[in-house]
Every structure is written in structure tokens, then in C-alpha cells.
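Thanks for coming, everyone. Please bring up the structure on your screens. I'll walk you through it.

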Amino acid sequence: MVLLRQLIVIGLACYCSAFAPSPIQSTATSSSSSSQLYMSTEEKQKTGKKEGYVPKWKKKATLAEITGTAELSPEEKGLVGAVPITFQQGTGEDATLIKTSAMPGQPLKLVASQAGQYIKYGCGKGECGTCDSLCNGKYLRPCVDVVPTDLTPDPETGEYANLVIQVKGTKAKVVSSGKFFSVKSFFMGFWNNLLGMGGFVRDRRKAKKNYQDRISQEEEILRRTAEKKRKKAAEAAGKK
């Protein structure tokens, strides 16, 4: 118990010293709080985070966003094709649509990449099914499949019907990374350290008992060996 108490006191001292605010941290906190004061309400709504959230990183703008070509049509981008294709990700109001055009037989992976449609791939051989997409009631795999070549154009207009390809939505678990620690993390860390110290004491006792058992076994082996040697010596003396 005395050892456990000492370990608890050492753990508390380490935590207090680790979470003591340094001058650099206090300056960074004051600067971040002053920048938050000048943040407009519109900017706060754009971040989608609660008030007081300080992200560690920011999403970089894409080349299309920098050059202003994100809203251009496929023809204006230089993507020319006879088959109009629409990549749909999601359903309902949350669905995102990316329109482009391609030629029959053109690899869908290349078409999606040129259009700016993100598709999650796995093996890249059409075996795992990670990139499965729905097109005209049939599933296809963009990593190996191509734009269908059996499409027939409209006899009146001579144009192909719009080909809608429903792509799987990608979900990422969002974890708040604004602060290095919180009150909950402080207590959870202390509890984890306390459990670790308790396990250390328990394993120490087991190790000590194992050591004592091993020493007693070695002493017993030495005792039996000495008895055998004495018996052999006595037998040898009796024969002489």
C-alpha cells in the first residue's frame, strides 16, 4: 500500500507539471482568442464547428478552386465526348452531381478522374468491389470497366441519353482536434495511469513470488545433488 500511495503521488505531480500553462501557450491562447473576436458570424457558420473551436489544420484549395474553373462545363474544360455522363454521389438534397462527357469504350476510372469525381478504390483489379457503382440498374466497377459500347443514340436527335453513375458515398469520422486536452481527458489519463500503476504492483508481486519459487526449487536440486554425492562417496569407501 505504501508503494501504491507513492506511485499515485508521483503520477499527480507529473500531471500537474505537464498541464501547467507555459508562457508560449498563454501567448498562443490569447492570440487565438483575439482572432476569434474578429471572426464574423458568416465565417463561424462556414466552419461548421462550435464557437471556440481552433482547428489544427485547414483544407487547402484545389487547383480548380484557385483558377476558378470548377463551374465550367465539360466542353469548356476540354472534355469532349458523345455520351453525357453524370456522377451522382449521395441521395436526395445532399446528393452531389458532376456532369461530364466521354466516348464509348473509354475507361470509367479515367473519366471520373478527369471530371473531378472521387471514387474510393481497393485492389484496382475489379475483385474486391470497393468501387462498385450503380449504372442503369447494373453494378459496374470503374477500376476496370469502361463506358458501355452497346448504347444506342436517339434516332431523331442522334444524341445519347444521359448516363447516370451512382457512386458510393465516402464517410469519415470527424474528431475534434481543436484542443490538446480537456477536463475529461485529464481525468481519463489519470485513471489510466492509476490502473497501470496498480497493474505494475500486481505484476511485481507475482514476479517476486515466482522468483522465490524458482530459488527454492534450485536449493532443493542442490540439496538432492549433495545427498547423491555423499551416498556415492559412502558406497565407494565401503567397497574399499
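This is a predicted model: local features need pLDDT of at least 70, side-chain atom pairs count only at pLDDT 80 or more; totals for chains, interfaces and linings use all residues.

A definition to begin. Helices (H or I, at least four residues) and strands (E, at least two) are DSSP runs, numbered from the N terminus. Two strands pair if DSSP finds at least two bridges between them.

Residues are numbered from 1 along each chain as its sequence is written, and side-chain values use heavy atoms, with hydrogens and water left out.

Now the hairpin. β1 and β2 form it, with 6 residues between them. In the turn, Gly90 has a positive phi of about 95°. β1 covers residues 83-89, and β2 covers residues 96-102. They run antiparallel, joined by 7 bridges. Take two examples. Gln89 has Thr96 as its bridge partner. Ile85 has Thr100.

What lies along the other pairing of β1? It is β5, residues 163-167, and the two pair in the parallel sense over 5 bridges. There, Thr86 has Val164 as its bridge partner.

Step back to the sheet. It is open, with 5 strands in the order β2-β1-β5-β3-β4, and its pairing is mixed. Which strands stand at the edges? β2 and β4 (138-140) do, each with a single partner strand, so one side of each is left without a neighbour in the sheet. On average, neighbouring strands are turned by 30° against each other, direction ignored. For that angle, axes are lines fitted to C-alpha atoms, for helices over the stretch in contact, and angles run from 0 to 180 degrees between N-to-C directions.

One more pairing. β3, residues 133-135, runs antiparallel to β5, with 2 bridges. Leu134 stands opposite Gln166 in β5.

Next, burial. Buried means under 20% relative accessible area, exposed over 50%, partly exposed in between (1.4 Å probe, protein chains only). In β1, 6 of the 7 residues are buried, so this strand is largely enclosed by the rest of the structure.

Over to helix α6, residues 108-115. Its buried residues are Leu108, Val111, Ala112 and Ala115. Why do they line one face? Seen down the axis of α6, they fall within an arc of 95°, so one face holds them. The arc is that of the directions from the helix axis to the C-beta atoms. An α-helix has 3.6 residues a turn, so residues three or four places apart point the same way. After α6 comes Gly116, with a positive phi near 90°.

So to the core. A nonpolar core is a set of buried Ala, Val, Leu, Ile, Met, Phe, Trp, Tyr and Cys residues joined through side-chain atoms within 4.5 Å. The largest has 17 residues. Ile85, Phe87, Val111, Val147, Leu163 and Ile165 have the most contacts inside it. β1, α6 and β5 each supply at least two residues. α6 gives the most, with 4.

Last, Ser101 in β2. Buried or exposed? Ser101 is buried, with a relative accessible area of 10%.
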